[in-house]
Amino acid sequence: MSVPRCYNVDTVPLQSLPVSTLKFNNFLTEQEKEYFRQYTNFSLDREDHSPYISNTYSLFDCDELLLLKDKFNEAIKIYTQKVLCTSELHFKILGSWFTRNTLDTAHNVHSHPNSMLSVATYFDDEVSMNDYIRGIVFKQHKFSNIFPDFKFNFNKLKPSKWNIFNYEEYTIRPKHNDVIIFPSHLLHSSELNTTNNRFCIGANYFVTGKVPGGDGYSSIVI
């Protein structure tokens with residue numbers, strides 16, 4: 001008895017998490033970039049080889065960055081409507097900050113607790129507008145999202161082809177004016193920086209307004 005021949009495989013990533021790169025024209029103005037270049041109120045994020053991080057979690061509340069806050073909010077609106085495809089969910093900013101990576105520094109693996117969506121944009125004066133900036137790295141234990149109830153370690157398995165199901169690290173390398181939006185609980189880090197001034201401006205968001213739950217709606221005020 002011969003084994004039947006499979007002539008096609010059609011796979012649907014049913015529970016995948018949407019990590020989106022939004023492309024804008026001139027997302028950061030030259031005045032906004034200069035604000036970050038001149039910024040001095042920051043400290044080392046964790047330890048050696050870590051970036052500098054602003055000492056405020058309300059960066060966008062200053063007059064110089066109110067327009068940038070509006071642009072971040074617009075990016076979240078686009079993500080909600082074009083990626084999540086709903087007009088019934090509304091998100092409000094929880095906090096905003098920025099980091100500066102110098103040569104040979106990187107962000108350690110972390111997530112953003114107590115928030116739902118995270119947004120980041122980048123610029124680097126040593127990288128041309130047409131080239132990629134050192135990117136953000138999303139990490140997972142291989143197959144952990146497919147078999148979440150089992151504590152097997154599949155990381156030593158070598159796939160014949162890398163894809164979104166079997167990766168250990170998935171890297172997105174942005175260009176200037178790119179905005180990356182992702183669920184805040186995703187573990188992520190950054191590539192080791194190769195220039196002296198890589199800037200990352202970030203913000204976290206949480207759902208607000210009327211949200212369905214249980215037998216009716218809950219009202220969340222942020």
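## A buried serine

Buried means under 20% relative accessible area, exposed over 50%, and partly exposed in between (1.4 Å probe, protein chains only). Because its relative accessibility is 2%, Ser-96 counts as buried; the residue is placed in strand E4, residues 90-101, where strands (E, at least two residues) are DSSP runs numbered from the N terminus. The model is predicted, so that local features need pLDDT of at least 70 and side-chain atom pairs count only at pLDDT 80 or more, whereas totals for chains, interfaces and linings use all residues. Residues are numbered from 1 along each chain as its sequence is written, and side-chain values use heavy atoms, with hydrogens and water left out.

Among the residues that Ser-96 touches, leaving aside those up to four places away in sequence, are Thr-56, Leu-59 and Gly-202, contact meaning heavy atoms within 4.5 Å.

## A three-stranded sheet

An open sheet of three strands runs in the order E7-E6-E9 with antiparallel pairing, two strands being paired if DSSP finds at least two bridges between them. Strand E6 (residues 136-139) pairs with E9 over three bridges, and Ile-136 stands opposite Ser-190 in E9.

## Salt bridges

The structure holds ten salt bridges, each a side-chain nitrogen of Lys or Arg within 4 Å of a carboxyl oxygen of Asp or Glu. One of them joins Glu-191 to Arg-134, with the closest N and O atoms 3.9 Å apart; Glu-191 lies in the loop between E9 and strand E10 (198-213) and Arg-134 in the loop between strand E5 (117-124) and E6, so the pair ties together parts 57 residues apart in sequence. Glu-191 is buried at 11% relative accessible area, while Arg-134 is partly exposed at 28%.

Key:
Helices (H or I, at least four residues) and strands (E, at least two) are DSSP runs, numbered from the N terminus.
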